Amino acid sequence: MRYPFSEVETKWQKFWEDKNVYKTDFSKTDKKLYTLVMFIYPSGAKLHCGHWYNYGPTDTWARYKKLKGFNVYEPMGYDAFGLPAENYAIKTGIHPYDSTMTNIADIRQQLKKIGCMYDWNSELMTCVPEYYKWNQWLFIQLYKKGLAYRKNAPVNWCPSCQTVLANEQVSADGTCERCGTEVIQKHLTQWFFKITDYAEELLSGLNTINWPDKTKLMQKNWIGKSVGSEVKFKVENSDEEITVFTTRPDTLFGVTYVVIAPEHSLVDKLVKPEFKDGVAKYRDEIKSLTEIERTSTVKEKTGAPTGAYAINPVNNERVPIWIADYALLTYGTGCVMAVPAHDERDFEFAKKFELAIKKVILQPGTNPEDELKEAYTDTGILVNSAQFDGTPSVEAKAKIIEYLEQNNFGRGKINYRLRDWLISRQRYWGTPIPVIHCPKCGEVLVEEKDLPVTLPYDVDFKSEGVSPLARNEKFMNVKCPKCGGDAKREADTMDTFVDSSWYYFRYLNPKISDKIFDTELADKFIPVDMYVGGAEHATMHLLYARFIHKFIRDLGLTKSDEPFSNLIHQGTITNQGAKMSKSKGNVVNPDTFTAKVGSDVFRLYLMFMGPYELGGDWSDKGISGTERFIERAYDLFTAHKDICKTAPAKEKYDIAALSNEEKVIYRKINQTINKYETEIDHFRFNTAIASLMELINELGKNINLCSNEIKAYVLERFAALLGPVAPHIAEEAWQMLGKEKSLFEAPVWFDADKSALTEDSAQIAVQVNGKLRGSLVAPTNSDEEFVKSLVYADEKIAKHLEGKTVIKSIFVKNKILNIVVK
């Protein structure tokens with residue numbers, strides 16, 4: 001019979017919604033399980049297969065846990081601010097609010113058709129004042145604690161998007177990660193969040209969370225902790241000092257030049273008149289390079305001399321001062337001591353500009369006078385280092401830092417690669433920053449009672465390098481809250497990663513109006529127990545959320561240290577080798593397939609494609625296989641209507657009392673439960689589904705040879721196993737079996753009968769001189785002598801041994817017997 005998927009899926013989706021089956025009872029916390037996928041950006045492309053691949057399988061895991069008795073909380077919402085809606089408005093004239101709301105309405109219906117068990121009472125969207133008011137409140141708290149500040153800085157600028165990008169939003173090749181345009185550098189006054197104050201805790205916290213090792217390593221490298229020292233170099237014939245940071249104080253005696261960032265304020269003070277033109281020219285040449293381009297290890301080394309000299313404090317040697325683009329004003333002190341003998345970059349630079357190279361670390365097996373063909377960057381023994389000669393370099397680090405501190409030449413220091421989070425965006429469709437600029441009072445925070453600062457509807461969206469809000473006089477002109485004089489609002493909006501840095505708190509009670517989130521519920525349900533989303537967010541959203549969570553904790557609003565206890569990354573579903581996106585025109589619309597085969601078949605197919613963490617290139621060639629599986633399951637349940645009423649099954653059976661066919665079926669269902677649980681627990685959906693396909697093949701052979709009681713026992717367990725992976729047909733099957741309550745309304749799970757997991761007989765392959773000569777069945781764990789007796793009793797195998805002398809035998813219990821003869 002053809003499975004009527006449309007009728008069945010509509011029926012159960014309505015039932016779940018009408019009965020509030022997925023509404024979470026927040027009073028029950030003993031087995032709480034907060035399961036979350038990264039919320040969706042409501043673009044005009046709607047849901048594509050990639051979204052399904054994130055949402056469907058995660059919901060399968062959550063449904064499995066619900067059937068196992070967990071109090072699962074699974075909300076959904078919309079990351080609704082952002083650049084695409086604004087660009088769409090520029091292109092079409094449709095307001096971002098209108099297009100976003102239309103898209104949300106469409107996506108909501110698509111999400112419901114997936115059959116995910118989202119608690120729709122918790123739905124939220126970030127583009128409404130009820131939500132972004134609390135972004136503004138959060139900004140104010142950060143500002144009051146000295147963690148939100150404004151400064152003029154070199155920033156990444158996308159000429160196409162006409163906005164600033166955080167370092168994390170610039171691809172490795174120096175292009176905008178959103179549009180692919182080459183990013184340039186600009187000097188602008190921008191707002192920052194001081195994430196660097198939490199650098200050490202962000203590092204140590206990685207040891208407390210169960211996240212993929214690769215993601216934790218990416219965050220560790222992005223934070224980039226460096227342990228070393230600061231060293232002060234006096235400038236010759238000047239009162240100025242150059243302070244450098246180094247992780248290799250053991251190489252200090254090998255410094256042969258010093259490099260300063262071209263933008264450093266010291267440059268203009270130090271450059272000699274005859275070198276000014278060269279310095280100015282070089283600055284002009286590198287001004288548009290991004291930090292990524294400047295620090296590239298493969299880029300040709302460039303620089304310019306200043307004509308000035310510094311004095312190495314440990315040996316009083318005079319070393320030239322250069323400017324070079326690889327010294328960054330935003331890292332360390334913006335000044336670098338160069339040791340060409342023991343640093344690859346410095347070695348290349350020194351060779352190119354014919355600067356001195358002085359060996360101070362001796363490579364084992366070499367002599368001090370041997371010429372260096374390349375930089376030696378490993379450990380060794382100090383040479384040419386005065387009183388430290390002969391000291392192993394590892395020991396020398398501590399000793400030289402102590403020497404620096406005793407003589408006031410420097411101090412031990414820890415540095416981080418991490419930069420403060422740049423949150424200013426020169427765009428309209430985002431959260432207004434709650435600051436007023438007063439000519440008399442300076443920066444003034446909007447008072448909390450006046451929040452939200454509402455985004456005006458009537459705006460000219462074209463950015464033209466400044467925020468569109470700057471041209472809206474009604475929005476911009478305001479009275480200063482301090483002095484009452486004329487003032488201007490801040491025109492920039494916040495990075496949308498602010499919206500997603502705390503949204504998981506708000507889900508718990510999105511309608512609460514007197515505080516940022518329901519702290520009572522947060523104490524019960526935070527942290528999120530399972531978070532699933534793309535690995536591309538490793539150093540952006542996932543890092544920002546950890547920072548804001550720790551800040552919220554320090555405000556006393558949550559007791560937990562981390563937002564997400566467990567993290568899983570789904571793979572990417574590509575199309576023709578490229579990530580699906582509307583701009584590439586390669587989006588696969590799942591609605592096309594669900595209309596033909598239904599949501600359960602589509603969900604099953606996506607999960608059956610391969611390992612969840614790998615993803616893959618889209619192809620619908622195998623979808624007919626999962627469709628046949630569902631058809632066979634439906635036929636099986638249709639043929640056994642009400643069997644659980646007419647022949648109710650026991651919880652378990654004595655295997656010895658069953659017929660041979662019943663033993664096979666009884667063992668198979670319990671082995672399947674055991675395998676399925678292990679696979680689903682670890683997000684290995686493809687192998688879990690494969691076990692169900694093996695099961696249905698076995699049922700097709702033997703179920704009609706079983707008693708009705710055993711049929712009922714097997715089929716009710718099969719229906720429960722279908723529940724997480726194909727929830728609509730599982731509900732229908734459960735009802736067909738004669739069950740009074742819905743499977744997910746009154747969750748049920750069947751544990752495997754452990755006694756049925758082992759076979760009572762084993763099939764043993766018999767080889768003679770390594771060639772297979774037959775197989776035989778023996779009781780499980782039979783010893784070698786017993787198996788040999790069966791071999792000699794089997795005419796077909798025994799004939800290969802006649803007249804031969806047995807040299808030896810190789811026996812693997814329950815698997816193989818190889819007899820070697822001559």
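This is a predicted model: local features need pLDDT of at least 70, side-chain atom pairs count only at pLDDT 80 or more; totals for chains, interfaces and linings use all residues.
Reader: Is H728 buried or exposed?
Author: Buried. Its relative accessibility is 0%, and the cut-off for buried is under 20%.
Reader: Which helix does H728 lie in?
Author: H728 is part of α24, residues 727-736.
Reader: New topic. At what angle do the axes of α5 and α16 cross?
Author: Roughly 70°, and the axes come within 12 Å. Angles of 65 to 115 degrees count as roughly perpendicular, so α5 is roughly perpendicular to α16.
Reader: Which residues make that contact?
Author: From α5, residues 129-144, they are L138, Q141 and L142. From α16, residues 541-554, they are F547, I548, F551 and I552.
Reader: And by class, what is in the contact of α5 with α16?
Author: There are 6 nonpolar residues and 1 polar. No charged residues take part.
Reader: Stay on α16. How many of its residues are buried?
Author: 13 of 14, so α16 is mostly covered.
Reader: What span should α16 have, and how far apart are its end C-alpha atoms?
Author: At 1.5 Å a residue, its 14 residues should span 20 Å. The end C-alpha atoms are 20 Å apart, so the two agree.
Reader: Which residue with a positive phi follows α16?
Author: G556. Its phi is near 85°.

Technical notes. Residues are numbered from 1 along each chain as its sequence is written. Side-chain values use heavy atoms; hydrogens and water are left out. Helices (H or I, at least four residues) and strands (E, at least two) are DSSP runs, numbered from the N terminus. Buried means under 20% relative accessible area, exposed over 50%, partly exposed in between (1.4 Å probe, protein chains only). Axes are lines fitted to C-alpha atoms, for helices over the stretch in contact, and angles run from 0 to 180 degrees between N-to-C directions. Angles under 35 degrees count as roughly parallel, over 145 as roughly antiparallel, 65 to 115 as roughly perpendicular and the rest as oblique. Contact means heavy atoms within 4.5 Å. Ala, Val, Leu, Ile, Met, Phe, Trp, Tyr, Cys and Pro count as nonpolar, Asp, Glu, Lys and Arg as charged, and the others, Gly among them, as polar. The expected span of a helix is 1.5 Å times one less than its number of residues.
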